[in-house]
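Visitor: Please take me through this model and tell me what stands behind each term you use.
Guide: Here it is.

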Amino acid sequence: MINRISDLIAATQAASNMSPNALMGHLRRRLRNKLVPRRAAAYRADLACLAYRFPAFKRNAAAVDLARMVAGFYLAEYKTTIPGCFEGRFDILNAQFDFGDGPIDWRFEGDEGDRQIRRANLAQFGFVAAAMLCDPRRTLAMVDRLVPDFLSSADFAQGQDFSELWHPYIASRRVLALTAAALLMPPELDATRAARRLRSFARLNAAFVLGNLETELGFNHLERNLAALGLFGLARKTFPSRIAAALRAQHNAVVLHSIGDDGVQKERSAMYQGLTVQSLRIFAALPVWDASQREAIDGRLAAAERALAALTLGDDQPVLFNDGWLGEAPAGSDIVGSTRLGFTVMPHAGYVRLADKNWAAVFDAGAIGPDENPGHGHPDFLSVEASFGPHRLLVDPGTFSYSAGSIRDDLRAWTAHNGPCFVGPRPVTFLGSFKVGKRSAAEIVAAGEAGGVQATTGRLAFDRHELSRTVRLLPDGRMEIADEWTGEGQAQTRFLVPAEWQIERRGKTLTFRRDGIGVRLGIEGARVEIGKAKWSRYYDVLEEAHEILLRPEAARAVSTFRPL
């Protein structure tokens, strides 16, 4: 009974933050899911008519350059599935599926729980763009088999398909992949039946996306819708007027509202940050904007590229704050070059980067996410992720799964993260996979660099609890983390260290070693407990970690990490 009441409260709080437009959008989506299956053949025919009216396909240098970029993203995601995909074998999010030489079961059960993300991932056809970089002829032969198979299975007759196989986000990723493949295909193959089938399937998907823009969700979903339509439109003899109108109408929503002045995508996931850079590069190449819109895109693109570099650790991969895992995008240097940033403040997102020749650390003192759509947010308030050299030392617990359940709840919990907290109180409440009821926000109190010292302080206050953390990177290479707690309850700080680091303990001094390097942690003002825990840097993969719990003996505790 208590759980039902708390769920009802969370649902009410989540709904109260939705705009009328978002509520209406969700209602329209639910109505579509029920009505379209009753007239599936007519719906498909209407889409075919719209697709037919798009201008003919045509390569141009700008579109081909973007196609190479898009295919590079997909190659990073699908590199382990090539060449196996030519024979029906797919490596999808760290799991292998072998369909042999028969038809693909597009409704296969690839995940436990309520989210069939692997099914959706296969349906986005990203492997087609990646494979086109490797073997165009075999790729076209594969497309010739898969497209009719997909269309006979996903024929709009089942409402659930709009949540997976025909989800607008997945269809958008499909448009990006298919259009990139068509642009990168050797011209001498253009007249083949498979090439015509590929282009026709891209047109059908573009028509679907244009009619199902995710304006009610906005942010990365709408951004992906429009980026896909943008690349598709650029690969036409003339840019489609309906796509141009949609892009102009949603410009502010995806460029100014979804991305902060500091360049960070407002859902605050570094995994999505790489895809935001991809989208903005596509937008920047389109001939549809007025002068002010183009200026805004160019400014956001420069800021987003810098933000991605700032959110990248020493292993050339992004931090894992909020929803995210590694492998969804190329390494940071493959996207924005090998520039290694030093101290960087991202005030709108609430992130601060501290870095020297050894350390790369990112401090989170921001909100759970945008009030309109915080579903990808985790309560990692005042947490730090840090690498020493090329290895991660302080890690976020990660995401593991998008399915509702105990693992997602445990890894999202406030007490699971690397910040100071109280055991029991909750600054954020969740319902299911993505609904957020009660929500809180940390804030950057101070951030600056002086005398060779990089320093930032963040604060979180909710109910009758207040916490603060100051992180300093000193000229001698020490990283100091000072935590303070105000309020009733059991206070603690938790640090997660990957099990690849060997750990030695002498009293309140811990030493971490791996691959010939070492870091010593000294602790003042707290008791120390060491245990075992799990973390996840890849989807559906749990790894071992050392759990270091600090139980403060007073209102303040200091942890100092010193290179050996």
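**Terms and values**

Guide: An open sheet of five strands runs in the order β3-β4-β5-β6-β7, with antiparallel pairing. This is a predicted model, in which local features need pLDDT of at least 70 and side-chain atom pairs count only at pLDDT 80 or more, while totals for chains, interfaces and linings use all residues. Residues are numbered from 1 along each chain as its sequence is written, and side-chain values use heavy atoms, with hydrogens and water left out.

Visitor: Why do β3 and β7 stand at the edges?
Guide: β3 (344-346) and β7 (391-394) each have a single partner strand, so one side of each is left without a neighbour in the sheet. Strands (E, at least two residues) and helices (H or I, at least four) are DSSP runs, numbered from the N terminus.

Visitor: How do you know that β4 and β5 pair?
Guide: Two strands pair if DSSP finds at least two bridges between them. Five bridges join β4 (residues 351-355) to β5 (residues 359-364), and the two run antiparallel. Leu 354 stands opposite Ala 361 in β5.

Visitor: What packs on the sheet?
Guide: Helix α14 (residues 291-310) does, touching β3, β4 and β5. Contact means heavy atoms within 4.5 Å. The direction of α14 makes about 120° with that of β3.

Visitor: Why is α3 called roughly perpendicular to α9?
Guide: The axes of α3 (residues 40-53) and α9 (residues 193-211) come within 8 Å and cross at roughly 105°. Axes are lines fitted to C-alpha atoms, for helices over the stretch in contact, and angles run from 0 to 180 degrees between N-to-C directions. Angles of 65 to 115 degrees count as roughly perpendicular, which makes α3 roughly perpendicular to α9.

Visitor: What classes of residue make up the contact of α3 with α9?
Guide: The contact has 10 nonpolar, no polar and three charged residues. Ala, Val, Leu, Ile, Met, Phe, Trp, Tyr, Cys and Pro count as nonpolar, Asp, Glu, Lys and Arg as charged, and the others, Gly among them, as polar.

Visitor: Does Phe 125 count as buried or exposed, and why?
Guide: Buried means under 20% relative accessible area, exposed over 50%, partly exposed in between (1.4 Å probe, protein chains only). Phe 125 is at 0%, so Phe 125 counts as buried. Phe 125 has a positive phi of about 60° although it is not a glycine.

Visitor: And what of Asp 463, buried or exposed?
Guide: At 60% relative accessibility, Asp 463 counts as exposed. Asp 463 lies in the loop between β12 (453-462) and β13 (465-473).

Definitions and conventions:
Parallel < 35°, antiparallel > 145°, perpendicular 65-115°, else oblique.
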